[in-house]
Amino acid sequence: MDFEHLLRGAALRVTRPRVAVLTAVYEHPHADTDSIIGVVREDLGEVSTQAVYDVLRALTAAGLVRRIEPPGSVARYESRVGDNHHHVVCRSCGAIADVDCAVGHTPCLTASDDHGYAIDEAEVVYRGLCPDCSTARSS
Ligand SMILES: [Zn+2]
Ligand SMILES: [Zn+2]
């Protein structure tokens, strides 16, 4: 993955923090801000929390990363943008996995009554127990 190319393609100047944050999001899908800060610091050394927040905001605004905020969870970031995929969240440990859109296009769910709105999005979060947690429970 050529991160510098990605940044330039989004008309963002290439800086080391931007490359480091983008790399962290690609390598750790659904990571929260704290874990991204940890990964970036391993890579670059001292980087302020604010700098990482600023880079995440710029990357999200440019459409290079997607910010997701499952109810009851802190914001998380992923590199899979531009499709209508959903997430399954483990009720016990909070692990998150991608689930392809059930229908393949937005809005994925047909509202029983659209009240005259031109609906173009449905936010779906699946919940349950991840394989690790269900194994732990049954043993
Ligand atoms: Zn779990
Ligand atoms: Zn995802």
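Which residues are buried in helix 2? The notes below start there.

1. **Ground rules.** This is a predicted model, where local features need pLDDT of at least 70, side-chain atom pairs count only at pLDDT 80 or more, and totals for chains, interfaces and linings use all residues. Residues are numbered from 1 along each chain as its sequence is written, chains are lettered from A and ligands numbered from 1 in the order in which they are written, and side-chain values use heavy atoms, leaving out hydrogens and water.

2. **Helix 2.** Arg18, Ala20, Val21, Leu22, Thr23, Ala24 and Val25 are buried in helix 2. Buried means under 20% relative accessible area, exposed over 50%, and partly exposed in between (1.4 Å probe, protein chains only). Helices (H or I, at least four residues) and strands (E, at least two) are DSSP runs, numbered from the N terminus. The cover over these buried residues includes helix 1 (3-9), helix 3 (33-44), helix 4 (49-61) and strand 3 (76-78). Contact here means heavy atoms within 4.5 Å.

3. Helix 2 has 12 residues and should span 16 Å at 1.5 Å a residue. The expected span is 1.5 Å times one less than the number of residues. The end C-alpha atoms of helix 2 are 16 Å apart, which agrees.

4. **Aromatic pair.** The structure holds one aromatic pair. Rings of Phe, Tyr and Trp (its six-membered ring) pair if their centres lie within 6.5 Å; planes under 30 degrees apart count as stacked, over 60 as edge-to-face and the rest as tilted. Phe3 sits in helix 1 and Tyr26 in helix 2, 23 residues apart. Phe3 is buried, at 13% relative accessible area. Tyr26 is partly exposed, at 25%.

5. **Zinc site.** His30 (NE2), Glu78 (OE), His85 (NE2), His87 (NE2) and Asp98 (OD) coordinate the zinc ion (ligand 2) at 1.8 to 2.4 Å. His30 lies in the loop between helix 2 (16-27) and strand 1 (31-32), and His87 in strand 4 (residues 86-90), so this pair ties together parts that are 57 residues apart in sequence. Both His30 and His87 are buried. Donors are N, O and S atoms within 2.8 Å of the metal (3.2 Å for Na, K and Ca); water is not among the atoms, so sites may look incomplete.

6. Three strands form an open sheet in the order 5-4-6, with mixed pairing. Strand 5 (96-99) and strand 6 (125-128) are the edges. Strands 4 and 6 pair in the parallel sense over four bridges. Two strands pair if DSSP finds at least two bridges between them. His87 stands opposite Val125 in strand 6.
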